[in-house]
Amino acid sequence: MQYPSVIFSDEENASLATLDTDIRGYVAQMRAKWVTKGGIDEDWDAYVAQLKSMGLDDYIKIKLDAYVRQQERISFVNIWLTNRRT
């Protein structure tokens with residue numbers, strides 16, 4: 001999935017480095033299992049629980065917070081540019 005370019009803080013980058021590696025690895029592992037052996041329906045609840053225990057909620061919050069900051073910067077610049085023209 002493509003995510004818009006945003007700027008993360010040093011702390012966010014450090015957290016994302018671990019979270020991204022762990023979560024993506026687990027997702028790839030489970031996807032391969034489901035493609036080759038099936039079982040997605042039986043495994044789904046445990047899969048979601050494992051993702052949450054791996055910090056998926058933190059991962060989403062970090063990405064969302066950075067996106068919101070980016071949008072606020074864009075809005076500020078747009079307002080500033082609009083006011084400059086008048």
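Trp 34 counts as buried because its relative accessibility is 14%; buried means under 20% relative accessible area, exposed over 50% and partly exposed in between, with a 1.4 Å probe and protein chains only. The model is predicted, so local features need pLDDT of at least 70 and side-chain atom pairs count only at pLDDT 80 or more, while totals for chains, interfaces and linings use all residues. Residues are numbered from 1 along each chain as its sequence is written, and side-chain values use heavy atoms, with hydrogens and water left out.

Aromatic rings are considered next. Rings of Phe, Tyr and Trp (its six-membered ring) pair if their centres lie within 6.5 Å; planes under 30 degrees apart count as stacked, over 60 as edge-to-face and the rest as tilted. The count under this rule is 4 aromatic pairs. In one of them, the ring centres of Trp 34 and Trp 44 are 6.0 Å apart and the planes stand at 35 degrees, so the pair is tilted. Because Trp 34 lies in helix 1 (residues 10-37) and Trp 44 in helix 2, this pair ties together parts that are 10 residues apart in sequence. Helices are DSSP runs (H or I, at least four residues), numbered from the N terminus.

Trp 44, at 40% relative accessibility, counts as partly exposed. The rings of Trp 44 and Tyr 47 are also tilted, because their centres are 5.1 Å apart and their planes at 45 degrees. Tyr 47 has 9% relative accessibility and therefore counts as buried. Together, Tyr 26, Trp 34, Trp 44 and Tyr 47 form one aromatic cluster.

Helix 2 (residues 40-53) also contains Gln 50, which is partly exposed at 33% relative accessibility.

Terms used. Helices (H or I, at least four residues) and strands (E, at least two) are DSSP runs, numbered from the N terminus.
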